[in-house]
Amino acid sequence: MKTIEELFYDCAVVPVVVLDDPKDALPLAKALTEGGLPCAEVTFRTEAAEESIRQMSREYPDMLVGAGTVLTTEQVDRAAAAGARFIVSPGFDPEIVDYCLEKQIPVFPGCMTPSEVAQGVKRGLKVLKFFPAEQAGGLAMIKAMAAPYTTVKFMPTGGISAKNLKEYLSCDKILCCGGSWMVKKDLIREGKFDQIRDLAAEAKCLAEEARK
């Protein structure tokens, strides 16, 4: 069985999803899966997140579904109980990271400084989220920061789009990229799941080109 990290590498792009209504969870899961991105980071920014994760995990068991924007250990528990297979936080919160490690839940905390990377390395983490990627220096910053931390790979999120995806994925320090351009809220709200499927397929194609 593949590890979470291997599954992330295979997906290459992790759609970062904000859902306002659980009724959109399954059509979205279908669109992403058909588009070649069977993965979703469902952010805990809305009340619909927990139930959306539950439905997606139950109906699409082969899909890699996790929880993002996790800010408390209580949210970790709720996400895990709903079926989330991984936890992502926007910053490096030692309490959340240690809690997840104690419970053996894969966790990918956000970082943007060498000091935060060092905290992850100290805890044995192999993959860290780099957020907000473009605003924090982009690929140049990742390369500079990764140099002394040879065991770590990054999941840049924030400002990633179809325009710069290939540039990021061509770097061997990047495990995968997080992005929301193929799952924008207005597309979900308007039920444009065919368009989401097509944007997911485009992202997957760009990822494959970058890694040839």
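**Briefing: A118 and the overall fold**

A118 lies in helix α6, which covers residues 114-122. The model is a predicted one. In it, the protein has 10 helices and eight strands.

**Residue A118**

- The relative accessibility of A118 is 27%, so this residue counts as partly exposed; the partly exposed class lies between the buried limit of under 20% and the exposed limit of over 50%.
- S89 and A118 are 29 residues apart along the chain, and their C-alpha atoms are separated by 17 Å.

**Size and packing**

- The radius of gyration of the protein is 16 Å, which agrees with the value near 17 Å that a compact globule of 212 residues would have.
- Along the principal axes, the C-alpha atoms of the protein fill a box of roughly 45 × 40 × 35 Å.
- Of the 212 residues in the protein, 51% are buried.
- Among contacts in the protein with a separation of 6 or more, 61% come from residues 24 or more positions apart.

**Surface and charge**

- The protein carries 26 positive and 30 negative charges.
- The mean position of the positive charges and that of the negative charges are 4 Å apart.

Methods:
Residues numbered from 1 in each chain as written. Predicted model: local features only at pLDDT ≥ 70, side-chain atom pairs only at ≥ 80, totals over all residues. Heavy atoms only, no water. Helix = DSSP H or I, 4+ residues; strand = E, 2+ residues; numbered from the N terminus. Buried < 20%, exposed > 50% of the residue type's maximum accessible area, 1.4 Å probe, protein only. Rg over C-alpha atoms; globule rule 2.2 N^0.38 Å. Contact = heavy atoms within 4.5 Å. Lys, Arg positive; Asp, Glu negative; His and termini not counted. Charge placed at Lys NZ, Arg CZ, Asp CG, Glu CD.
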